[in-house]
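Please read these notes with the model open.

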Amino acid sequence: MQLPHVYCVTKYDPADRDEHGHYRGSEDTVSDHGEIEEAYLQAVAAFAADTRIARLSVREPGIVSLAHFGVESPMDGFGIERLLPGGLADFHDGAEVSLETGLELVRLMLRDGGAWCRLEVEDAFAVDVGWDQYLYVGSDRPCHGALARIRELGLFPERMDASPHDFEPEEDGVRRPGDDDFWAGLHEAVVRGHAALLEEIYVQNASRWHRLTSDTIEAVRAGLAPRARLAVWPDLSSDISSVLHALPADGLIEGVWQDEGGQIHSAVADEDAFAELAARMSRAKAAALLPVYADERVPLFSAVMPDSDGVVRARWQADRAQGDLDR
């Protein structure tokens, strides 16, 4: 359902825009970490009060893509650890947070700290943050009191048809549940040696990797993030020299490798970082190279984890898998 009352809220006075709509005033495009930032948060709180909501759901969470070496975990930082009881493990699609916590998530997004999500109450309320301190708030109610309060705060609400960040499903995606049938088929593929590497995409731009055996599949399944997207790949190879020999001359490639301690790492690199990627993978127990570009990155199987009642409520979709192409 598209909300009927959507506004873009900013600190940019419309009177300071030129004939093309470009802002020419003196306001900075980053947060002041002070009075103006607090005004934004009070604006969201005013809309929430008029809509009469006290809790929000996290939708389509993501982080910036950290495709460089030296950062072990792409989720380090972003301020999430201090906000959610379970830290980063609670930053997943469908997670419920209080309005107070939701406002702090909006603060993190205003500060462009690297984490992003939509905050929603289904069919009633939504808020998200765009580039350059553009805040988008929608409600199923007119929110006249909130609009008056926003103007008192020195901010400028502009009516819109919809937020430019409203979710749009990928054209090439599929809605396949990671249900019992999916896991039974995956178990059979692992036993037959056709598949053994599971990519768990737990937020946008971040994955965890699991090397599967028939004895570990159920434990891996139980530990997956809610509503995670799954992609299944052939097993890693112990022939490291052959893997490294397959590095392309240029472009982007993702290296996935398992160290001697059993931990699985991954990194996306371009030709300038191939040497460092090769150095890391040369010490691995097993490794593989995976394409990065969407038209080449086709897993064996894919799915999206359903909720505990078996219903897929995540709006994002699974990648098209080899079986889809075969059909």
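This is a predicted model: local features need pLDDT of at least 70, side-chain atom pairs count only at pLDDT 80 or more; totals for chains, interfaces and linings use all residues.

**Notes on the model**

1. Leaving aside neighbours within four places in sequence, Y136 is in contact (heavy atoms within 4.5 Å) with Y7, C8, A126, V127, D128, G130, M160, S163, P164 and H165. Y136 sits in strand β6, residues 135–139. Strands here are DSSP runs of E, at least two residues, and helices are runs of H or I, at least four residues, both numbered from the N terminus. Y136 counts as buried because its relative accessibility is 10%. Buried means under 20% relative accessible area, exposed over 50%, partly exposed in between, with a 1.4 Å probe and protein chains only.

2. Residues are numbered from 1 along each chain as its sequence is written, and side-chain values use heavy atoms, with hydrogens and water left out.

3. Which residues have the most contacts inside the largest nonpolar core? They are F47 and L119, in a core of 62 residues. Helix α1 (residues 35–51) gives the largest share of this core, 8 residues. A second, separate core has 14 residues, including I240, A269, A273 and F274. A nonpolar core is a set of buried Ala, Val, Leu, Ile, Met, Phe, Trp, Tyr and Cys residues joined through side-chain atoms within 4.5 Å.

4. Back to L119. Beyond its neighbours within four places in sequence, L119 is in contact with residues including L56, V58, V97, L105, M109 and F125. A126 and V127 are also among the contacts of L119.

5. H265 lies in strand β12, residues 264–270. At 17% relative accessibility, H265 therefore counts as buried. Its side chain makes a polar contact with the side chain of D259, at 2.9 Å. A polar contact is a pair of N or O atoms within 3.5 Å; within protein, one must be able to donate a hydrogen and the other to accept it, and residues adjacent in sequence count only if both atoms are side-chain atoms.

6. Now the whole chain. It has 8 helices and 14 strands. Buried residues make up 46% of its 327 residues. The C-alpha trace spans about 65 × 45 × 40 Å along its principal axes. Of the contacts with a separation of 6 or more, 71% join residues 24 or more positions apart.
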